[in-house]
Amino acid sequence: MASSLSSKQFLGSATSNALGSANSGFRKLSSPPAQISFRRKPGKFEVQAAGSTFGNYFRVTTYGESHGGGVGCVVDGVPPRLPLSEEDLQVDLDRRRPGQSRITTPRKETDTCKIISGVAEGMTTGSPIAVNVPNTDQRGHDYSEMSKAYRPSHADATYDFKYGVRSVQGGGRSSARETIGRVAAGAIAKKILKKFAGTEVLAYVSQVHKVVLPEGIIDNDTLTLEQAYSVTLEIYYLFVSYFPCRKIESNIVRCPDPEYAEKMIAAIDAVRVKGDSVGGAVTCIVRNAPRGLGSPVFDKLEAELAKAALSLPATKGFEFGSGFAGTFMTGSEHNDEFYMNEHGKIRTKTNRSGGIQGGISNGETIYMRIGFKPTSTITKKQHTVTRNKEDTELIARGRHDPCVVPRAVPMVEAMVALVLVDQLMAQYAQCELFPINPALQEPMELPRLDEASV
């Protein structure tokens, strides 16, 4: 049963004598009484949190703002006895960090993470894992104009509409620096998936503005990340430039095809020098996903993935499998026919379903595509309004990505991994509590080798 409680006014409370005559000025700024939603449970009230926590069994809460003291996350539900170090997280944080190349924001942050709880002697303990990353290169003065005028298509205005106050410098929680916590948590999730089920999550840039990677040019079965070298990204890019191959990290735009990567880089450069921006798309694939992830009706796997992906900054669209292209097909053209492979497993001849049928993973490669809009903050003059509701013009300052998609790649991987590990735990808890039906089901866990065989 839900109930609503009215709190005292935050500003200009008539019952407060401490403010004296200053109350009259505050009353002019005050809002109607705030409404706080509570859910009634036997013996207690539970306040519904405001959107900073994700997941049910593997729960992630991110914190921090662009120009605050730091950003990070708290991850609850991590299984104990998982080998984990800061280096495991740093690989993906380095892929996300600003200042990597000329086509990303020039803000210089090392994004060096520190695990401050939940790990002892290199192993997870089962308690919440807290990860912190300090902010070191803030420039609050770059946002003096944005403190007065709203950036078109940015969250500036809607944050004011919702909260009546906002953190101006860097965009606060609407900044992509919030995703540091997601990427750190996603690195933990990816390690669990790989270790338990052999599942791999890989994303890459498949479109920048009007440069679109042709369908089928990338073999999802052989695509690799290839960032196993303990070197800086700049040295890595220099190294792999002599050895062209289908590797996501082989160029600064994170497109695994060298020819199209150059076209994408050129498209970003063309708008970057003009103070403008472009959007694009990120494709994500999941290999070796266990069968049975996801639940019917409201908790379908594709619905969970869509929510996760669309919670990322600047996202505008999500499709999986054949997506909207499937609307142009007939049923006989679109259906994925089943067959028995040489190992006696049920497989599909095609994969227009994108590895998910009826909201449940079927064991085929899961693939999806996420669309990102052009960066809102640009240095071209635009018409807008001030916080005082006056028409004006704005030329934004600051350091911003001319295209967000190259740095969005590890963010997409992280959100997909968070969904999958949460669904893995749900499936294990519900459907593998008792012995599985071997005639219809298969274990999610990789076969373990005993010490003698090793």
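**Exercise 1.** Which residue in S10 does lysine 114 stand opposite?

*Solution.* This is a predicted model: local features need pLDDT of at least 70, side-chain atom pairs count only at pLDDT 80 or more, and totals for chains, interfaces and linings use all residues. Residues are numbered from 1 along each chain as its sequence is written, and side-chain values use heavy atoms, without hydrogens and water.

Step 1. Find the strands. Helices (H or I, at least four residues) and strands (E, at least two) are DSSP runs, numbered from the N terminus.
Step 2. Lysine 114 stands opposite asparagine 132.

**Exercise 2.** Is aspartate 111 buried or exposed? Do serine 153 next.

*Solution.* Step 1. Buried means under 20% relative accessible area, exposed over 50%, partly exposed in between (1.4 Å probe, protein chains only).
Step 1. Aspartate 111 has a relative accessible area of 1%, so it is buried.
Step 2. Serine 153 has 62% relative accessibility, so it is exposed.
Step 3. Now check phi. Aspartate 111 has a positive phi of about 50 degrees. Serine 153 has a positive phi near 65 degrees. Aspartate 111 is not a glycine, and serine 153 is a residue other than glycine.

Technical notes:
Pairing = 2+ DSSP bridges.
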